[in-house]
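Here is a short briefing on one protein model. Look over the sequence and the structure, then read on.

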Amino acid sequence: MKIGFIGLGHMGSHMAANLIKAGHEVTVFDLNTEAMNKLGEQGATLAISIGAAARGSEIVVTMLPAAAHVRSVLTAEDGVLSNLAQGATVIDSSTIDPQTIRELAKAGELLGVSVVDAPVSGGTGGAQAGTLTFMVGSTQEQYDRITPVLKGMGKNIVHCGGVGTGQVAKICNNLVLGITMAGTAEAMALGAKLGIDPHVLGSIMNTSTGRSWSSEVCNPYPGVVSTAPASREYSGGFGADLMLKDLGLATDAAKSVKQPAFMGALAQQLYQALSTQGRGGLDFSAVVKLYDCA
Ligand code: NAD
């Protein structure tokens, strides 16, 4: 299939490479020429503009930092939508707010182009290994059409409902993740201060009701889980600034439907404090550093 891919950062570079490995004809564009050249070495055609990446493509995948980038890449004069043929599909895999993708889907509809959301979880490791989970917001027919393409980049392809619901799933998952990590950090720090060996506390939590991915796989206390970012100075993993961005999306989305997000707002402030300390590039489990224990 002829696929245009726009946004070759930490995630997109691996995803585009996997589409090439899956046998697709991939044309790429990014503002960063070094990122473009790397994909060129792996067999991608290099486009000179967003429009050039879109022209002639049956599907365009976007993997961009935030909603403003997605909106401008899709709707600019020489952008994706104005350069696609009727019947083509845009798959946005960036993490953005549900409202923006719904508006872009309406703009696409007027031109006969499908715009769907398919944000991912699995991080850069999953992107490289081709094992991402895709949360798809689309019609059933669009989902059936894009699933074979998404299978080239991921393992679990989940249809969440109509357009925007992929983003809803993504931000609600990361809302609970940000909160459980902050809670686990608080409990681990308190336990250590009160004199229990953090290894013992971690193993009790993991066989008790305090268990979560944050306690078991990514425990924030250094040394408790040898493979966790906390055991390598919080390097790698999921950046605190990305968690801050996702909690901002969750609290904004809550505001849009006039629902309180008590825990999300507090967690957002915790990651904001971490970021303000200059620690936004560390794994988000470094939120434990706010307790002065690691
Ligand atoms: P990134 O910043 O590494 O990459 C974004 C890329 O987009 C960059 O290469 C940048 O040059 C390019 N770009 C920006 N504006 C552009 C434009 N107008 N035209 C062409 N290219 C442009 O980001 P990332 O870590 O790859 O994340 C991408 C998205 O995926 C984000 O929305 C993020 O929240 C989400 N996400 C990231 C992870 C992760 O672990 N990094 C995990 C899940 C989801």
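A residue is called buried when its relative accessible area is under 20%, exposed when that area is over 50%, and partly exposed in between. Y271 has 0% relative accessibility, so Y271 counts as buried. Keep in mind that this is a predicted model.

**Aromatic rings**

- How many aromatic pairs does a search of the whole structure find? The search finds two.
- F238 and F284 sit 46 residues apart, and their pair links distant parts of the chain. F238 belongs to the loop between α11 (213–216) and α12 (240–256). F284 belongs to the segment after α13 (262–279).
- F238 or F284: which is buried and which is partly exposed? F238 has 24% relative accessibility, so F238 counts as partly exposed. F284 has 1%, so F284 counts as buried.
- The other pair is Y271 with F284. Here the ring centres lie 6.3 Å apart and the planes meet at 35°, so the pair is tilted.
- Y271 lies in helix α13, while F284 lies in the segment after α13. They are 13 residues apart, and this pair too links distant parts of the chain.
- Together, ring pairs join F238, Y271 and F284 into a cluster.

**Around the ligand**

- There are 23 residues around the ligand. Which of them come nearest? They are H10, M11, D30, T95 and K245.
- H10 places a polar side-chain atom 2.8 Å from an oxygen atom of the ligand.
- M11 uses its backbone instead: an N or O atom there is 2.9 Å from a ligand oxygen.
- T95 also has a backbone N or O atom facing this comparison, at 3.0 Å from an oxygen atom of the ligand.
- Taken alone, the ligand exposes 850 Å². The protein buries 85% of that area.

- Which residues make the nonpolar surface patch? I196, V200 and I204 make it, and the patch covers about 220 Å².
- V200 is found in helix α10, which spans residues 198–206.
- V200 has 39% relative accessibility, so V200 counts as partly exposed.

Conventions
Residues are numbered from 1 along each chain as its sequence is written. This is a predicted model: local features need pLDDT of at least 70, side-chain atom pairs count only at pLDDT 80 or more; totals for chains, interfaces and linings use all residues. Side-chain values use heavy atoms; hydrogens and water are left out. Patches are made of residues with over 30% relative accessible area and no salt bridge: like charges are joined within 9 Å, nonpolar side chains (Val, Leu, Ile, Met, Phe, Trp, Tyr) within 5 Å. Accessible areas come from the Shrake-Rupley method with a 1.4 Å probe; for residues, only the protein chains shown count as cover. A salt bridge is a side-chain nitrogen of Lys or Arg within 4 Å of a carboxyl oxygen of Asp or Glu. Helices (H or I, at least four residues) and strands (E, at least two) are DSSP runs, numbered from the N terminus. Buried means under 20% relative accessible area, exposed over 50%, partly exposed in between (1.4 Å probe, protein chains only). A residue is near a molecule or strand if one of its heavy atoms lies within 4 Å of it. A polar contact is a pair of N or O atoms within 3.5 Å; within protein, one must be able to donate a hydrogen and the other to accept it, and residues adjacent in sequence count only if both atoms are side-chain atoms. Rings of Phe, Tyr and Trp (its six-membered ring) pair if their centres lie within 6.5 Å; planes under 30 degrees apart count as stacked, over 60 as edge-to-face and the rest as tilted.
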